[in-house]
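Hello,

Here is the structure we spoke about, with the sequence alongside. My notes on what turned up in it follow below.

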Amino acid sequence: ELGLPPAIVGDVRQSLRQLPAMLNRPGFVLADEAMYRRKFHQLKDAGVELLVGTDSGNPGHFHPYATWLELDAWVNHMGVPAMEAIQRATSLAARVMGADRDYGTIEAGKYADVIAVPGDPLRHIDVLRAPAVVIKHGRRVR
């Protein structure tokens, strides 16, 4: 609860109270990681442009609170190479959303949204959880 607005805390508590009823619905099957991985790769193999995002959730599994958690899941649970996962969170996401003229890659004339992390995210994707430097629109904010 630390640092969360009361409305969010209340919403989470309400969701948790409803969880037993959701889990006991007739026909409800709790998904496992292997099922998610299989579905993920079926979509990818079918040519679906999968992008990194944090707006998903399942009963008892709350939305990721940070993009690094989503990237970590892509790499360590779905088997996506780290560089591909990062590109699907940046350049490919910008292109698919039609924002690639201003965002997605580091180039002259684009907004400079950059982070620096203490390590190599291609070897250990979880270093993205603690950026040492954050630059937003060309200005350092951390």
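Lys44, Glu49, Glu84 and Arg88 are linked in a network of salt bridges. Please keep in mind that this is a predicted model, and that every value here is computed from it.

In total the count comes to 7 salt bridges. As background, side chains of opposite charge can pair when their charged atoms come close.

- Arg101 and Asp102 form a salt bridge in which the closest N and O atoms are 3.7 Å apart. Arg101 is exposed, its relative accessible area being 69%, while Asp102 counts as partly exposed at 23%.
- Asp126 and Arg129 form another, with the closest N and O atoms 3.3 Å apart. Here Asp126 is partly exposed, with a relative accessible area of 30%, and Arg129 is also partly exposed, at 46%.

Next, the aromatic residues. How many aromatic pairs does a search of the whole structure find? The search gives 2. One of them is Phe40 with Trp74, an edge-to-face pair with 5.0 Å from centre to centre and 85° between the planes. This pair links distant parts of the chain, since Phe40 lies in helix α2 (residues 33-45) and Trp74 in helix α3 (residues 67-76), 34 residues apart. Phe40 and Trp74 are both buried.

Tyr103 and Tyr111 also pair: their ring centres are 5.1 Å apart and their planes meet at 25°, which is under 30 degrees, so the pair is stacked. Are these two tyrosines buried or partly exposed? Tyr103 has a relative accessibility of 29% and counts as partly exposed. Tyr111, at 39%, counts as partly exposed too.

Now the sheet. It is open and is formed by 3 strands in the order β1-β2-β3, with antiparallel pairing. The strands at the edges are β1 (114-116) and β3 (139-140); each has a single partner strand, so one side of each is left without a neighbour in the sheet. In general, strands of a sheet pair through backbone hydrogen bonds, either parallel or antiparallel. Between β1 and β2 (residues 133-136) the antiparallel pairing runs over 3 bridges. If you want a place to start looking at this part, Ile115 stands opposite Val134 in β2.

Last, the confidence of the prediction. The average pLDDT for the protein is 86, and 89% of the residues score at least 70.

Regards

Key:
Residues numbered from 1 in each chain as written. Predicted model: local features only at pLDDT ≥ 70, side-chain atom pairs only at ≥ 80, totals over all residues. Heavy atoms only, no water. Pairing = 2+ DSSP bridges. Helix = DSSP H or I, 4+ residues; strand = E, 2+ residues; numbered from the N terminus. Salt bridge = Lys/Arg side-chain N within 4 Å of Asp/Glu carboxyl O. Buried < 20%, exposed > 50% of the residue type's maximum accessible area, 1.4 Å probe, protein only. Phe/Tyr/Trp six-rings, centres within 6.5 Å; stacked < 30°, edge-to-face > 60°. pLDDT = per-residue confidence, 0-100.
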